[in-house]
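Student: I would like to go through this model term by term and ask what each label rests on.
Tutor: Go ahead.
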Amino acid sequence: MRNRIYTTLLLMLISVVAFGQKKMKSPAASSEGSIDGVKVEVKYHQPSVQGRQVMGKLVPYGQVWRTGANNATTISFDQDVKVEGKALPKGTYALFTIPGEGEWEIIFNKNANQWGAFNYDKAEDVLRVKVKSKATSSMVEAFTITVGSNDVSMAWENTEVKFKVSK
């Protein structure tokens, strides 16, 4: 009888754990690399196009975007850097953007632990830079951030944006 109770309790616990965990529609992703000897790491979630119009519609132009899905995207630098020639101290930042049709504003915010952009506070911005966007050569289904040899690239749907990083 005792074994039957323990078995029942164990099965109930397994069921609660298994059914309590939902598969995220926008899976976690990361990208890391070295630029000018600086370790750069980006953690984000990857939304997908899924037949929707993304730029200018799902992601409105002229508004702060969390730059991914779920938690705010974070970017870390293990040394002081320059982003588009402007100084940024080493550390971990929330990476927000303000997309535009031909130009994006890239925002490094000191509150790296937040959900989306719902509590975004401009007063906590450490750096803002503007960069040009360009059309991609092919459709990018899942939002993707890549740390390259001298820049960080963000691509989704038919748009790519890059910002230069140096020491």
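Student: What is the mean pLDDT of the chain, and what share of its residues reach 70 or more?
Tutor: The mean pLDDT is 88, and 86% of the residues reach 70 or more; pLDDT is the predictor's confidence in each residue, from 0 to 100. This is a predicted model, in which local features need pLDDT of at least 70 and side-chain atom pairs count only at 80 or more, while totals for chains, interfaces and linings use all residues. Residues are numbered from 1 along each chain as its sequence is written, and side-chain values use heavy atoms, with hydrogens and water left out.

Student: Over which residues does pLDDT stay under 50?
Tutor: Over residues 5-21, for which the model has one contact beyond four places in sequence; contact means heavy atoms within 4.5 Å. Where pLDDT is low, the predicted coordinates should not be read in detail.

Student: What elements does the chain have, and what makes a run a strand or a helix?
Tutor: There are one helix and nine strands. Both are DSSP runs numbered from the N terminus: helices are H or I with at least four residues, strands are E with at least two. The order from the N terminus is α-β-β-β-β-β-β-β-β-β.

Student: Why is W65 called buried?
Tutor: Its relative accessible area is 10%, and buried means under 20%, exposed over 50%, partly exposed in between (1.4 Å probe, protein chains only). So W65 counts as buried. W104, with 3%, is therefore buried too. Of the 167 residues of the chain, 42% count as buried.

Student: What makes W65 and W104 an edge-to-face pair?
Tutor: Rings of Phe, Tyr and Trp (its six-membered ring) pair if their centres lie within 6.5 Å; planes under 30 degrees apart count as stacked, over 60 as edge-to-face and the rest as tilted. By this rule there are nine aromatic pairs. For W65 and W104 the centres are 6.2 Å apart and the planes stand at 80 degrees, giving an edge-to-face pair. W65 is in the loop between β2 (38-45) and β3 (74-77) and W104 is in strand β7 (residues 103-109), so the pair ties together parts 39 residues apart in sequence.

Student: What are the values for F96 and Y120?
Tutor: F96 and Y120 are 5.0 Å apart centre to centre, with 70 degrees between the planes, and this pair is edge-to-face. F96 lies in strand β6 (residues 91-98) and Y120 in the loop between β7 and β8 (125-147), so parts 24 residues apart in sequence are tied together. Both F96 and Y120 are buried.

Student: Which residues do ring pairs link into a cluster?
Tutor: The cluster consists of Y44, W65, W104, F143 and W156.

Student: How do you know that a space is a cavity or a pocket?
Tutor: On a 1 Å grid over the protein atoms alone, a cavity is a set of points where a 1.4 Å probe fits but cannot get out; a pocket is an open set with protein on both sides within 12 Å along at least five of seven lines, and lining residues have an atom within 4 Å of a point. Grid points are joined across faces, edges and corners, and a volume is the space filled by probe spheres set on the points. The structure holds one cavity of 30 Å³ or more, and the largest cavity has about 30 Å³ of space. Its lining includes W104, F143 and W156, and strand β9 (residues 151-166) gives the most to it, with six residues.

Student: How much space lies in the largest pocket, and what lines it?
Tutor: About 270 Å³ lies in the largest pocket. Its lining has 15 residues, of which L58, V59, W65, R66 and G68 lie nearest the centre.

Student: Why is K82 called partly exposed?
Tutor: The relative accessible area of K82 is 39%, so it falls in the partly exposed class. K82 is found in strand β4 (residues 81-83), and its contacts beyond four places in sequence are A87, K164, V165, S166 and K167. The C-alpha atoms of K82 and K164 are 8.1 Å apart, although 82 residues separate them along the chain.
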